[in-house]
Amino acid sequence: MPKKVYKVGRDAFETDEARLQKALERYHEGKGLIGGDPRRRPRWIHPLPPEPAHAFRLMQSSPEHLERLRAFLAAAPLEVEIGSGPGDFILDWAKKHPHRHFLAFEVKWKLIRDMVKRMEEEGIENLWVSDDDARFDLPRLLQPNSVEVFHILFPDPWWKPKHQPRRLFVPPFVDVLALLLKPGGVLRAATDVPGYAEAMRNVVEAHPDFLPHNPDLAVRFADAAPTSRQAFCDEIGRPYQFLYFQKRWSEADDTSQVGAGSQRRNE
Ligand SMILES: C[S@@+](CC[C@H](N)C(=O)[O-])C[C@H]1O[C@@H](n2cnc3c(N)ncnc32)[C@H](O)[C@@H]1O
C-alpha cells in the first residue's frame, strides 16, 4: 500500500474562465492567497519550529532570521519547490546535491513542522522551508534571474470555481516564475490530472520567456526520488506526465540547452 492515499479526482480539468479572469484581475491585491493575505493576518495560530531552525514566515520571522535566509538564498545555485507535500522529493534531492541550496513551500503547517524534524535528524542544512503561500513570498523574497530550477510537482487542480484563483499555472504567477528563473533555468512540473498537463503547456508556452516543453531535460532529474503523490500513482497504476520548460537565454533565442550547458539542440 502507498504511504498516503490520495483522492484520484475528476476525469477532466475544467476552468470557469469568466470567473477565473475576474479573480485574476485582483491577483496582485492578494486575491486567492491560501490562508488570506498575510499582511492582514491578526495572528498566527500555529508556531513554527523556533529560530534558527530553517523554517520561516515572511511576515512573522525576525529580521535577523530573514537576513540569514536571504544570505543563504544568495550563496549557492538555488532550486525552489512549490507545494512539497511531506517533502519526499526535496529532502532526498537536497541530500543528493549538497553544494546547491533549496527552498520549499508547503502551506500545510504540520508538513513543514515534520520536514524540519527530518532535516534536523538527517543533518540536511541546505534547505529552508515555509508554510507561507509561495505566491506571496516569491516575488518579495527572491531577486530576478536567481533561480536555477522550479519544481511544481502534482499541484492541486483546485476544481471548485471559487478556488481556481489558487492555481499555480495562471498567467500572473507564470510571469513571476519567468522573472525569477535564470536564463536557461528550468520549470519542472508534473501532473496526473487528465487535461492539466495541456493546460500547463498552454499557459507556460504562451509566455514569451519560455521555450516549449522539452522532454530531453528529464535526464537532469533522472535520479530524483518520487514525490508522495507520484508514489501513490505508481502504486495504483495511474498515469502521470512530467513537463520541462526552459527559460530562454535571450529574447531572440529559440534553442534550449541540456545538462550543464555544453549541448545545444534546435527546437
Ligand atoms: C496535490 S499535493 C502534492 C504534494 C507533492 N508535491 C506530491 O507530489 O506529493 C499539492 C500540495 O501543494 C500545496 N500547495 C498548494 N498551493 C500552494 C501554494 N500556493 N504555496 C505552497 N504550497 C501550496 C498543498 O498544500 C499540497 O500539499
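**Entry 1: helix α5**

I began with helix α5 (residues 134-141), which is mostly covered, with six of its eight residues buried. I took buried as under 20% relative accessible area, exposed as over 50% and partly exposed as in between, using a 1.4 Å probe and protein chains only. Helices here are DSSP runs of H or I with at least four residues, strands are runs of E with at least two, and both are numbered from the N terminus. The buried residues of α5 are Ala 134, Arg 135, Phe 136, Asp 137, Leu 138 and Leu 141.

I noted the basis before going on: this is a predicted model, in which local features need pLDDT of at least 70 and side-chain atom pairs count only at pLDDT 80 or more, while totals for chains, interfaces and linings use all residues. Residues are numbered from 1 along each chain as its sequence is written, and side-chain values use heavy atoms, with hydrogens and water left out.

**Entry 2: α5 against α6**

Two packed helices are described by the angle between their axes and the distance between the axes. For α5 and α6 I noted axes that come within 10 Å and cross at roughly 35°. Axes are lines fitted to C-alpha atoms, for helices over the stretch in contact, and angles run from 0 to 180 degrees between N-to-C directions. The crossing of α5 and α6 is left-handed; that is, the near helix is turned anticlockwise from the far one by less than a right angle, and clockwise would be right-handed.

Arg 135, Leu 138 and Pro 139 of α5 make the contact with Phe 173, Val 176 and Leu 180 of α6. Contact means heavy atoms within 4.5 Å. By class, the residues of this contact are five nonpolar, no polar and one charged. Nonpolar covers Ala, Val, Leu, Ile, Met, Phe, Trp, Tyr, Cys and Pro, charged covers Asp, Glu, Lys and Arg, and the others, Gly among them, are polar.

**Entry 3: the cores**

Which residues touch the most other members of the largest nonpolar core? Leu 103 and Leu 138 do, in a core of 47 residues. Helix α6 (residues 171-180) supplies the largest share of this core, six residues. A nonpolar core is a set of buried Ala, Val, Leu, Ile, Met, Phe, Trp, Tyr and Cys residues joined through side-chain atoms within 4.5 Å. I also listed a second, separate core of 27 residues, which includes Met 119, Val 149, Ala 224 and Phe 242.

I then looked up Leu 138 itself: not counting residues up to four places away in sequence, Leu 138 touches Val 80, Ile 82, Phe 105, Phe 150, Phe 173, Val 176 and Leu 180.

**Entry 4: α3 against α4**

The axes of helix α3 (residues 88-96) and helix α4 (residues 109-122) come within 11 Å and cross at roughly 25°. The two are therefore roughly parallel to each other, since angles under 35 degrees count as roughly parallel, over 145 as roughly antiparallel, 65 to 115 as roughly perpendicular and the rest as oblique. The crossing of α3 and α4 is right-handed.

On the α3 side I listed Asp 88, Ile 90, Leu 91 and Lys 95, which meet Met 115, Arg 118, Met 119 and Glu 122 in α4. The residues of this contact divide into four nonpolar, no polar and four charged.

Is Asp 88 buried or exposed? Asp 88 is buried, with a relative accessible area of 16%. Leaving out residues up to four places away in sequence, Asp 88 touches Lys 3, Arg 118, Ala 225, Pro 226, Thr 227 and Ser 228.

Lys 3 lies in the segment before α1 (17-24) and is exposed at 78% relative accessibility. Lys 3 and Ala 231 are 228 residues apart along the chain, with their C-alpha atoms separated by 8.2 Å.

Ser 84 sits in the loop between β2 (78-82) and α3 and is buried at 8% relative accessibility. Beyond its neighbours within four places in sequence, Ser 84 is in contact with Ile 90, Ala 104, Phe 105, Glu 106 and Met 115.

**Entry 5: loops and backbone**

In the loop between α5 and β5 (147-153) I looked up Ser 146, which is buried at 19% relative accessibility. Apart from neighbours within four places in sequence, Ser 146 is in contact with Leu 78, Leu 180, Leu 181 and Lys 182.

Asn 145 is found in the loop between α5 and β5 and is partly exposed at 39% relative accessibility. Asn 145 has a positive phi of about 55° although it is not a glycine. Trp 158, in the loop between β5 and α6, is not a glycine either and has a positive phi of about 50°.

Last, I noted that the peptide bond from Glu 51 to Pro 52 is cis, with omega near 10°. Pro 52 is in the loop between α1 and β1 (55-56).
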